[in-house]
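Dear colleague,

Please find below the structure that I am handing over to you. My findings follow directly after it.

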Amino acid sequence: MNKLYRNSMEAMIFIDQEGKVIDMNPAAEQIIDPQVIEQIRTGADPSFCQTCEGYTDEQELISCARCYLDYPQGEFSSFQVFLKTRDGGVVPFAASYHTIDETRGVRVLMLLDLTKQQKTQEMLQRNHMLKYVIKAQEDERKRISRELHDSVAQELLSSLVDLRVIKYMDVGEDVLKKLQHTEQSLTRLLDDIRHLSVELRPSSLDDLGLEAAFRSHFKWLEKNYGLLVKFSAELAAARYGSEMETVVYRVCQEALLNALKYSGVDEVYVRLCEENGHLLLTVRDEGVGFDMVIDEAKGTGLGLYGMRERAELVGGQFMLRSALGEGTTVQLSIPLSRAEQQEVG
């Protein structure tokens, strides 16, 4: 019992019926400020109140008016208490408070540091929220994309057909020129809407998968911006999970946009393959590059931050390599689940 008392990771603080600290184990001494311990031991202020910042049970944050130290039965379990610690910070602890000597009214307050658990829980909650936000964003993109394609674009196309019919009617030269000008404007607008629809959420990604969506996007980049994408795909499966495909597509899309803006070249290499149980995406250019020691990236850096976050959400790793005059390489590696690998096999 003595070894348990001395070596326990759980802090133990013994308190008498008047609320004065009469002893504590080494784990407790590592928590409480040395000045407070000195005051307790010299009897200058032996109360535990000087280090306590309040506590919470299953229902609410309870004030000093209903302090656990004054609980009539001397039994109080499964609550969270906040203490001022050695470093001056306020730390949450899981606590229980029990009577161990009814005759003398001695009780023990047992504490377990919740800092790591709380940080883990906060990170888990953050990831869940981020997943929810990204999924909601992609769903809304998909909805707007289909609305643009199936409704707005179709209405414009119908108007174009009507204009072309009017052109063959007996109208004046001025009217004909106006019709031709309007037709050209509507044609450009229709192309812009179709492009916006694809950028929001390419239907090929949902219907045909990554490789088809990539080839369609690369063809559009070459046509509109003159960026030649040399693409190689070595995939054992036609489809992957929707979340994984979305992450890979968005990372590639952002990496190509950065190359288009900053690399200074008109040729980029993209490789999509499976290696050692991972889906691997590599986007590489041989452009001007940048010094990663001085500045991680040009621009706002929000694109790189977004790529990293998306990678982490599917358990993947995002890597960026660059140097002045040596180009830039973006790599995304996502582990494939056993089920996906078996499906491939």
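In which helix is Leu157 found? The residue belongs to helix 4. Please bear in mind throughout that this is a predicted model.

Nonpolar surface patch

Leu157 is partly exposed, its relative accessible area being 31%. It belongs to a nonpolar patch on the surface, together with Val161, Val165, Ile166, Met169, Val171 and Val175. The accessible area of these residues together is about 520 Å². Helix 4, which spans residues 115-167, gives the most to this patch, namely four residues.

The chain as a whole

The chain has 345 residues, and buried residues make up 38% of them. Its secondary structure consists of ten helices and twelve strands. Of the contacts between residues at least 6 apart in sequence, 58% join residues at least 24 apart.

Thr99 and Phe14 are 85 residues apart along the chain, and their C-alpha atoms are separated by 9.6 Å. Thr99 is part of strand 6, residues 90-101, and counts as partly exposed at 25% relative accessibility.

Helix 3 and its surroundings

Helix 3 covers residues 34-42, and within it Val36, Ile37 and Ile40 are buried. Viewed down the helix axis, the buried residues of helix 3 fall within an arc of 100°, so they line one face of the helix. What do these buried residues pack against? Their partners are strand 2 (21-24) and helix 2 (26-29). Gln35 and Thr42, on the other side of helix 3, are exposed. Just after the helix comes Gly43, which takes a positive phi of about 85°.

Salt bridges

Side chains of opposite charge can pair when their charged atoms come close. The count for this model comes to eight salt bridges. The following may be of interest to you.

- Glu267 and Lys230 form a salt bridge in which the closest N and O atoms are 3.6 Å apart. Glu267 is in strand 9 (residues 267-275) and Lys230 in strand 8 (residues 228-234), so this pair ties together parts that are 37 residues apart in sequence. Glu267 is partly exposed at 25% relative accessibility, and Lys230 is likewise partly exposed, with a relative accessible area of 42%.
- Glu245 and Arg239 meet through their side chains in a salt bridge, with an N to O distance of 2.8 Å. Glu245 is buried, having a relative accessible area of 2%, whereas Arg239 counts as partly exposed at 32% relative accessibility.
- Glu286 pairs with Arg284 in a salt bridge, the closest N and O atoms lying 3.1 Å apart. Glu286 counts as exposed, at 54% relative accessibility, while Arg284 is partly exposed at 32%.
- Glu234, Arg271 and Glu275 are linked to one another in a network of salt bridges.

Cysteines

How many disulfides does a search of the whole structure find? The search returns zero. Cys252 counts as buried, with 1% relative accessibility. Cys273 is buried as well, its relative accessible area being 1%.

Ser204 is located in helix 6, residues 203-207. Is Ser204 buried or exposed? With a relative accessible area of 15%, Ser204 is buried, because it falls under the 20% limit that applies to buried residues. When residues up to four places away in sequence are not counted, Ser204 touches Gly209, Ala212, Ala213 and Ser216.

With kind regards

Key. Residues numbered from 1 in each chain as written. Predicted model: local features only at pLDDT ≥ 70, side-chain atom pairs only at ≥ 80, totals over all residues. Heavy atoms only, no water. Buried < 20%, exposed > 50% of the residue type's maximum accessible area, 1.4 Å probe, protein only. Helix = DSSP H or I, 4+ residues; strand = E, 2+ residues; numbered from the N terminus. Arc of directions from axis to C-beta. Contact = heavy atoms within 4.5 Å. Patch = residues over 30% accessible without salt bridge, like charges linked within 9 Å, V, L, I, M, F, W, Y side chains within 5 Å. Areas by Shrake-Rupley, 256 points an atom, 1.4 Å probe, with all protein chains shown as cover. Salt bridge = Lys/Arg side-chain N within 4 Å of Asp/Glu carboxyl O. Disulfide = S-S within 2.5 Å.
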